[in-house]
Amino acid sequence: MLFRRRHPVSYLTKLRELLWPRRGFIRSYHYLTKRILRLSATPHAIAAGVVAGVVASWTPFIGLHFLLAFAFAYLIAGNMVAAAIGTAFGNPLTFPLIWAATWEVGHRLIGKGAPLGDSIDLERKFSIGAIETMWQPILKPMLIGAIPLAAVSGVIIYCVIYFTVAKFQARRRERLAAKARARLAKALQESSV
């Protein structure tokens, strides 16, 4: 076979690399960073798109984050590709933190502390499958808690990405202009000889 490994990888190694890649997560971070910087859109559109993805990741509606990100990006004139990349904010490593934070903030905003002694039978709630049974005890506090957290993180991320993209695009334009001037000077020098 053309693309087969010389030494087959064991199932244990595949499982380990699924949970923690061999080269770590920094490679994925660098890839997403470069992908965002190289988008061909205005700094506002790129920053707004990423913010739309981040805001969608704060919501408790798993499976709808892409659709929510695209809707938010459309409303604030954001880039759709940047919105899809922004949803990477919510991932298996950050979801437990996101859910705990939205749960706690939501219960504090509603006016009651988080029920420490009360337990919610999630298995029964999900097996029934009706959103009405999950709304009051689970989704409502998480959605209310997501609003201030998404707003604060959205403002911070927008500022960082807007200025970073603007600076990157300005340097890129300067480099391209310098290359064009050098090519023009070379062409003029060759034509005068």
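Two rings of Phe, Tyr or Trp make a pair if their centres lie within 6.5 Å. Keep that in mind as you explore this predicted model, because such ring pairs link Y158, Y162 and F163 into a cluster.

**Stop 1: the cluster.** Select Y158, Y162 and F163, the three residues linked by ring pairs. Now zoom in on Y162 and F163: their ring centres are 5.4 Å apart, and with 85 degrees between the planes the pair is edge-to-face. Colour by accessibility if you can. Y162 is partly exposed, at 28% relative accessibility, while F163 reaches 57% and counts as exposed.

**Stop 2: a pair within a helix.** The structure has five aromatic pairs. For another of them, select F66 and F70: the ring centres sit 6.3 Å apart and the planes meet at 35 degrees, so this pair is tilted. Both residues belong to helix α4 (residues 65-75), where being four residues apart separates them by about one helical turn. F66 is partly exposed at 47% relative accessibility, and F70 is partly exposed too, at 31%.

**Stop 3: confidence.** Finally, colour by pLDDT. The chain averages 84, and 86% of the residues score at least 70.

Terms used
Residues numbered from 1 in each chain as written. Predicted model: local features only at pLDDT ≥ 70, side-chain atom pairs only at ≥ 80, totals over all residues. Heavy atoms only, no water. pLDDT = per-residue confidence, 0-100. Phe/Tyr/Trp six-rings, centres within 6.5 Å; stacked < 30°, edge-to-face > 60°. Helix = DSSP H or I, 4+ residues; strand = E, 2+ residues; numbered from the N terminus. Buried < 20%, exposed > 50% of the residue type's maximum accessible area, 1.4 Å probe, protein only.
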